[in-house]
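Colleague: I am new to this structure. Please take one part and look at it closely for me, then set it in its surroundings.

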Amino acid sequence: MSFLPTILNGLMVGGLYGLFGLGLAFAFGIMRIVNIAHGEFIVLGAYIGASLLSVTHLPLPAVIVLVAVITFALGWALQTVMLNRMIGPNPVPAMVATMGLSIIIRNALVEYYGADIRAIDIGPLQDQGVSIFGTSIGVLPIIIFLIAVLLFVLMHILLTRTTLGRAFRAAADDFEILETLGFNRKRVYAIAMGLAVTLSAIAGLLLAIRSSYSPYSGVERLLISFEVVIIGGIGSLRGSFLAGLFLGVVQLIGLRINPNSGPLFGHLAFFLILLAKQANLPALFIRRRA
Amino acid sequence: MNGPVFSRNAGLIGGVLLVGALALSAILLPVDRRLPMEICLVLAMAQGWNLLCGYTGLLSFGHQAFIGVGAYTLFLVVNTLGISPFLGLAFSATVSAVVAVVIALLLKGSRDAYFSIGIWVLADCLRLLVGQWDFVGSSQGMVLNAPDIDPTTFGDAVFWAALALVLVTQFAIFGLLRTRFGLGLMAIRDNETAAASVGIAPGRSRIIAFVASAVICAVGGAIYYLSVLYVDPAGAFDLDWQIRILFIVIVGGAGTLEGPLIGTAIYFLLREFLQDHGGLFLIIQGAIAALTMLFAPQGLWGLVQARTGFQLFPTKWVTQ
């Protein structure tokens, strides 16, 4: 059997992993905040989307926009109410606080929706396929991948062509300069966190449409996001995108080889890359004087 | 003229009395010793993790890895070599120390969030690998095969082991903090750059604290799973262990010896109080952790110490 369909599917799911990583890297790059609840926001996007779909019967694009608005507000509130009070050289308080938040969201989802594994059903589109390079690929994964690419392009335009984007990049370098230019640092941060959460939640909703999710999926999705950030580097849209594609392919090939391996192969690939990045060979031979 | 001495030896006596009273009540009171045993183990693990997080600033989200490694090592050596389970604890300590050194080398260049989540990924790897390993029962887990266990005394024996672990941990860390090395650790906690400038090696101190915390968690995990005679990867490598430890240290006060005592008391009171509402208990736990970071980032004992300067376990030097 050929691995081509697996690789193509890995690329398509990888686009979403890239978005996961982009959201995490965005908050970390600008505010030096590692949002441990990132994975739970990804899952929350799926639950909010699923509820809206079943309650309102709106078309999927409208639901995606609604989820974006709601999760932006959540991210904005998270930064304004909690994280803006924890900015500083010590990263521990924000990490512990968002860890607490992740426990709250995870268990609230279990209490409200139950712990079972779900999938979102959006009707006949799910079963349609097209033939590429002689292998059949679902139409839905292609659409989802294109949405992911579109979001990356929009982020690129936002960061390079708009005042807000320049403010983000300036905030990542030096927030004091930013304040002398008349920006309100805390407002810029709140918008950035809103955007970071929105990106991840939309990606989480899209992932839930093409695979399954449960309240406990958040941890795995946080770890994937983190791996994307480390492999792709912070502050690089292209890096996040490529790292996402790489992890997507590795994970799906791993699952083809061993269906019970879960995210194991992705983790191992991540550590190989981490080691390769760390292996500063000359340093092994030159003794550094303390 | 007297040189610098440790302050408030009266406070030290208070600490001894407190821990003695706790141990005594644990021995005398309950017929069912499972809960006191768990309290002892979780407190010991929290103190170990606190040594790492509170004093060297390395926030680990992956110490469940060592709990699992300790438990599985014990079950493996007891089942294959047929030795006494309590002798097996020495193997748990040794193997976890080796694993900790390997992890320290892997994450050598990773600080802050990179370390926190890197070790989390590693713990997840171990969980998945053990879950694939048929020799230890893969995801089904394994049963301890120790026919010479006497069921009438086993429960007590495990409890004594847990009590010994927590007392040794508490006083070993207390003693350690009063040595040159411990003062170095506290200097790193307060200001790493300044500490390095007066000749303290932060890197080496961090590795020693890391290995020590790993060994304590491994032995704690081994005793816990020994008491239930069964271990499985989903339980032994469960993130909930880490959340429990983190909650206790953070809410009680990281970087103090008293903080984990308070945190453990709060954790178990809350858990017993909300026994029938598992989900609500976890949600409240998360909320308390987040609120602590908002309003008392030094933890509850940090608040007390800032107001009164009192220490149950005095680790400060004063000049007489």
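Modeller: Chain B folds into 14 helices and 4 strands. This is a predicted model. The radius of gyration of chain B is 20 Å, close to the 20 Å that the globule rule gives for 320 residues, so chain B is as compact as a globular protein of that length. Along its principal axes, the C-alpha trace of chain B spans about 65 × 45 × 40 Å. Of the 320 residues in chain B, 54% are buried. Now take the contacts in chain B with a separation of 6 or more. Residues 24 or more positions apart account for 80% of them.

Next come the salt bridges. Over all chains, the structure holds 6 of them. Side chains of opposite charge can pair when their charged atoms come close.

Start with a pair in chain B. Glu38(B) forms a salt bridge with Arg244(B), and their closest N and O atoms are 3.8 Å apart. That pair links distant parts of the chain. Glu38(B) sits in helix α2 (residues 34-56) of chain B, while Arg244(B) sits in helix α11 (residues 239-252) of chain B. The two are 206 residues apart.

Another pair in chain B stays within one helix. Arg127(B) and Asp124(B) both lie in helix α5 (residues 112-132) of chain B. They are 3 residues apart, about one turn of the helix. Their side chains meet in a salt bridge of 2.8 Å, N to O. Asp124(B) is buried, with a relative accessible area of 10%. Arg127(B) has a relative accessible area of 29%, which lies between 20% and 50%, so Arg127(B) is partly exposed.

The side chains of Glu40(A) and Arg106(A) meet at 2.9 Å, N to O. This pair links distant parts of the chain, 66 residues apart. Glu40(A) is in helix α2 (residues 38-56) of chain A, and Arg106(A) is in helix α4 of chain A. Glu40(A) is buried, at a relative accessible area of 3%. Arg106(A) counts as buried at 7%.

Now the place where the chains meet. Chain A gives 40 residues to the contact, and chain B gives 37 residues. The size of an interface is often given as the accessible area lost when the parts come together. Between chain A and chain B, about 3,300 Å² is buried, and carbon and sulfur atoms give 83% of that area. In chain A, Val96(A), Met99(A) and Phe271(A) lose the most area to chain B. Together they make up 17% of what that side buries.

On the side of chain A that touches chain B, the elements giving two or more residues are α3 (60-82), α4 (92-113), α9 (217-232) and α11 (264-278) of chain A. The largest share, 13 residues, comes from α4(A). That side of chain A divides into 29 nonpolar, 7 polar and 4 charged residues.

Key:
Residues are numbered from 1 along each chain as its sequence is written. Chains are lettered from A and ligands numbered from 1 in the order in which they are written. This is a predicted model: local features need pLDDT of at least 70, side-chain atom pairs count only at pLDDT 80 or more; totals for chains, interfaces and linings use all residues. Side-chain values use heavy atoms; hydrogens and water are left out. Contact means heavy atoms within 4.5 Å. Buried area is the accessible area (1.4 Å probe) that two parts lose on being put together, summed over both. Ala, Val, Leu, Ile, Met, Phe, Trp, Tyr, Cys and Pro count as nonpolar, Asp, Glu, Lys and Arg as charged, and the others, Gly among them, as polar. The radius of gyration is taken over C-alpha atoms; the globule rule is 2.2 Å times the number of residues to the power 0.38. Buried means under 20% relative accessible area, exposed over 50%, partly exposed in between (1.4 Å probe, protein chains only). A salt bridge is a side-chain nitrogen of Lys or Arg within 4 Å of a carboxyl oxygen of Asp or Glu.
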